Amino acid sequence: MTVERTHLTVARILITTGYLTAGDEIDTLLRRHGHEPVYFPYTGPREPADRETLFNGVDGAILASEPVTADMLTDTPRLKVLARSGVGYDSIDVPAATALGIRVCNAPGTNHHSVAELTIGLVIMAARRLAEVTAAVQQGRWPRGAGHELHGSTLGIIGYGPSGRATAQIGAALGMTVQVSTSHPDTDDPAVHFTDLDTVIRNADYLSLHTRADHSTRRLIDGPRLQTMKPTAVLINTAGGSLVDEDALAKALAPAPSPAPPSTFSSTNLCP
C-alpha cells in the first residue's frame, strides 16, 4: 500500500546530526527558503517514547547514522523525505519507507577525500606503530622498532566508488601495490590492479572496505575470509559495520590458548 502525502511549500525539517547546528550554513539555507529546522541530536540509543514520536509533525529529516526502523515511521503522515548526510543508507528501513511513500536519499561523493585521508592515516598509524611509539616517547623512552615502510606493500580495496578510488590514488602515490575488487573496474588506471574479491583479501597487507553496506554485502568479511588473510594483515572498515562479521573478527583476533605445561611426575624411592 502506498500512502499519498500532501505537498507543503513550507516544511518543518528535523535535524539529528550533531555537526549541523542552529545558525550554520544549512540552517540559514533552510530558513531562507521559509522552512523551519528542528534540532534533536542523536547521541546514542533513544528512549522508546522518543523513537516513537521522533518524526511526528515534521515533513523531512536530515540524519547521520541513526537507525530508522519501520515502527518509527508509523503515524507520520507529514513525513516525505529522509535524507542521510552521508553516503550510505543501510541504517534506514528503505522498504518500509518506500511503502509509506517516503523518499530516502543520501549525499554521495561529499566526503570521499576525508574518508580516503582517514583510511591512509590509519594505514600509516598501523605501519609505523604511531600510537605505541608516541606513548613510549611521552614516557621518556625512544623505541627503535618503529614499524616498516609502506612502499612495496599491498593495499587491497573492496569497492571502487569515490572513496575507494581516492584511497587507491593515495596508496599508489605512496608506492603501494594497489589491488581492487569491484563490479565496475576502471581499466584505464594503470596504477590499479583489478582482480576478484578473494584474491584481494588473500594478498592484502592492508585491506580497506569501501563497498556499499546493504543486505547483499552483510558480513562480507566472514570467518572463512578472515582466515585467508595474512596473519600480519590490517583490516580497515570506513564503510559500514555490517560488512564485517564481528563475532568472527573477535574470534580471529583472540590470542591462541597457551599450550598446557608438560606434565611433571614425582616419584618416591620405595627401595630400601
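A crossing of two helices is called right-handed if the near helix is turned clockwise from the far one by less than a right angle, and left-handed if the turn is anticlockwise. In this predicted model, helix α4 passes helix α6 in a right-handed crossing.

Two packed helices are described by the angle between their axes and the distance between the axes. Here α4, spanning residues 112-128, and α6, spanning residues 162-173, pack at an angle of about 45 degrees with their axes 8 Å apart, which makes α4 oblique to α6. On the α4 side the contact is made by H112, H113, V115, A116, T119 and I120, and α6 contributes P162, S163, A166, T167, I170 and G171.

Turning to the backbone, most residues other than glycine have a negative phi. D75, although not a glycine, has a positive phi of about 55 degrees, and R219, likewise not a glycine, has a positive phi of about 55 degrees. The table sets out where these two residues lie and how accessible they are.

| Residue | Phi | Loop | Relative accessible area |
|---|---|---|---|
| D75 | about 55 degrees | between β3 (60-63) and β4 (81-84) | 66% |
| R219 | about 55 degrees | between β9 (206-209) and α8 (223-228) | 42% |

Because exposed means over 50% relative accessible area, with partly exposed lying between that value and 20%, D75 at 66% is exposed, whereas R219 at 42% counts as partly exposed.

Definitions and conventions:
Residues are numbered from 1 along each chain as its sequence is written. This is a predicted model: local features need pLDDT of at least 70, side-chain atom pairs count only at pLDDT 80 or more; totals for chains, interfaces and linings use all residues. Side-chain values use heavy atoms; hydrogens and water are left out. Axes are lines fitted to C-alpha atoms, for helices over the stretch in contact, and angles run from 0 to 180 degrees between N-to-C directions. Helices (H or I, at least four residues) and strands (E, at least two) are DSSP runs, numbered from the N terminus. Angles under 35 degrees count as roughly parallel, over 145 as roughly antiparallel, 65 to 115 as roughly perpendicular and the rest as oblique. Contact means heavy atoms within 4.5 Å. Buried means under 20% relative accessible area, exposed over 50%, partly exposed in between (1.4 Å probe, protein chains only).
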